[in-house]
Amino acid sequence: MCGIVGYIGHRDAYPIIIKGLQRLEYRGYDSAGIVLFDGENTSLSKTKGKVEDLKNKAETTISTNGKLGLGHTRWATHGVPNDVNSHPHYSNSGDLVIIHNGIIENYESIKKALIKRGYSFQSDTDTEVLVNLIEEVKTKEGVKLGKAVQIALNQVVGAYAIAVFDRNKPDEIVVAKLGSPLAIGIGENEYFIASDASPFIEFTNNAIYLEDEEMAIVRIGKEIKLRKIKDDAIAYPNILELQLNLEEIEKGGYEHFMLKEIYEQPRAILDTYRGRLNADKGLIKMAGIDQNLEKFLNANRIIIVACGTSWHAGLVAEYIFEDLARIPVEVEYASEFRYRNPVITENDVVIAISQSGETADTLAAIKLAKERGAFVFGVCNVVGSSIARETHAGAYTHAGPEIGVASTKAFTTQITVLTLIALKLANEKGTISQPKYHEFLTELESIPAKVEKTLQSNAIVKQISEKYKDSTNCLYLGRGYNFPVALEGALKLKEISYIHAEGYPAAEMKHGPIALIDEQMPVIVIATKKGHYEKVVSNIQEIKSRNGRIIAIVTEGDETVKELADHVIEVPETSEGLSPLLTTIPLQLLSYHIAVMRGCNVDQPRNLAKSVTVE
């Protein structure tokens, strides 16, 4: 959940760390801190609030000199967001300094033992406990910092990505990882440490992503030394050449990252199927599927595990897999799946979906599925992420960086990948006719242009938003493929505007939610021409008769719903199975504009973080 940045080299560390923290602020933004070391003295500044607050404080209260530094932006787990609980943390002697992402689950018992042995604590964090445990090991065992970190981490239970240095060794930083992401950027006689590559992309394209239970000793003038934490075995680094570019992680003239990412969807969808889809030749090429085709074709069922927006994408996939490929599908919340002793066999295929590729619950579900003998296929956006490495095979979405906490292009590109898989399997199994198969491929190729056209409704959506920005509740209804879109639309509104919203299958409205409908209740209904249209029209009439305010997403040229609804937003016509790629766009824009009009922080909504790397 937190963002880690570190630097050691020949440059001034301060500007690198501050800019890096700003790029990682999507990971957590309730407090931030920085420590700099000039070879003799450390300078520490930390504060409740955002990185900009830290910058203002640091530049007026501490020396910003130093070629070594660590920075942290926090999403609070242990201890409320305040100056004291912010990272970095010192050990009792003041010699060791640490930053930490994750949760140490047994910190209380360790803390009590350390207190009995004379240690004191300034904060409520598990992180301060960890740095003092490392110090005690280092002192008692008479070992170097790297060995002390290794011994200490073998005593803790939980998840972590840490960076720690000893001010008596000014040329070294020790880092380690379990469950939380950590990358090391390799430059010319300099090293960068970060939760992802965005803080150092302008300095180097070469990076190492630590594997779980690996630690590294990063030293100036020497090669990185990698070790396994459990058994001290030597690990060999896999240096990746990054494809990320700086322009992708800047706002590019948009007011917010979320708006930029909404408008990037035509390109993101195209990039996702580019090189995989050739409608003219009727071809779908996906290496992860092609190399494991029999696993999919012989599967008794597909189990999809995901959280949040990715779970909604999985629900859309359930419809399309069962409709086209005729394979039974179950969609599970990863957070529930891992704890309910699920029935999994070696004849099951598990598809794990995650934008970041670091979602803790989804990673745990993957490990459980592998233990039970299932074949596990990952769908994620971040190259080199934990899910990409933990799964047997997978497919990247190629959406590009998604910085806004509320996912937008992640949803549409995940649906695109899953649709390609379903179509390929349907064609291989013969459960789809060739005319319908070719029609689907052609229609999928046209989706980016249709999303572009849908985005032209922005002005209309903005006008509608003005009317409903002060609502306290909102209901979203959809049927079939668009029921998950209703769930996703409600989630977006909740996440960034803090308006209570719920999504329902339209037919379920009569089984409870209809009691909420009155003249104050806006109801967003997805009523495209394909799929259960007449039934949805009936639901709209039921809302109208109870004075509900209706915002309808309709197919271009629709006249029936236009007569009933208070507002309509048109989307181009497409096949029912691809309609979520269009109908979700106005709902994203609606949430965005309402949130902006309410004065909410769109990119950094309260209490949320982009990458959920803790339970």
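Author: Two strands are said to pair if DSSP finds at least two bridges between them. Helices (H or I, at least four residues) and strands (E, at least two) are DSSP runs, numbered from the N terminus. The model discussed here is predicted: local features need pLDDT of at least 70, side-chain atom pairs count only at pLDDT 80 or more, and totals for chains, interfaces and linings use all residues. Residues are numbered from 1 along each chain as its sequence is written, and side-chain values use heavy atoms, with hydrogens and water left out.

Reader: How many bridges join strand S18 to S19?

Author: Five bridges join S18 (residues 301-306) to S19, and the two run parallel. Within this pair, Ile302 stands opposite Val329 in S19.

Reader: What is the order of the strands in the open sheet?

Author: The five strands follow the order S19-S18-S20-S21-S22, with parallel pairing. S19 (329-333) and S22 (393-396) are the edge strands, each pairing on one side only.

Reader: Which strands does helix H12 touch?

Author: Contact means heavy atoms within 4.5 Å. Helix H12 (residues 360-371) packs on the sheet and touches S18, S20 (348-354) and S21 (375-380).

Reader: How is empty space found?

Author: Rolling a probe the size of a water molecule over the atoms shows where empty space is left. On a 1 Å grid over the protein atoms alone, a cavity is a set of points where a 1.4 Å probe fits but cannot get out; lining residues have an atom within 4 Å of a point.

Reader: Which residues line the largest cavity?

Author: The lining consists of Arg479, Tyr481, Asn482, Ile526, Thr528, Lys530, Gly531, Val536 and Glu576.

Methods:
1 Å grid on protein atoms, 1.4 Å probe; cavity = no way out; pocket = protein on both sides within 12 Å on 5 of 7 lines; lining within 4 Å. Axes fitted to C-alpha atoms, helices over the stretch in contact; angles between N-to-C directions.
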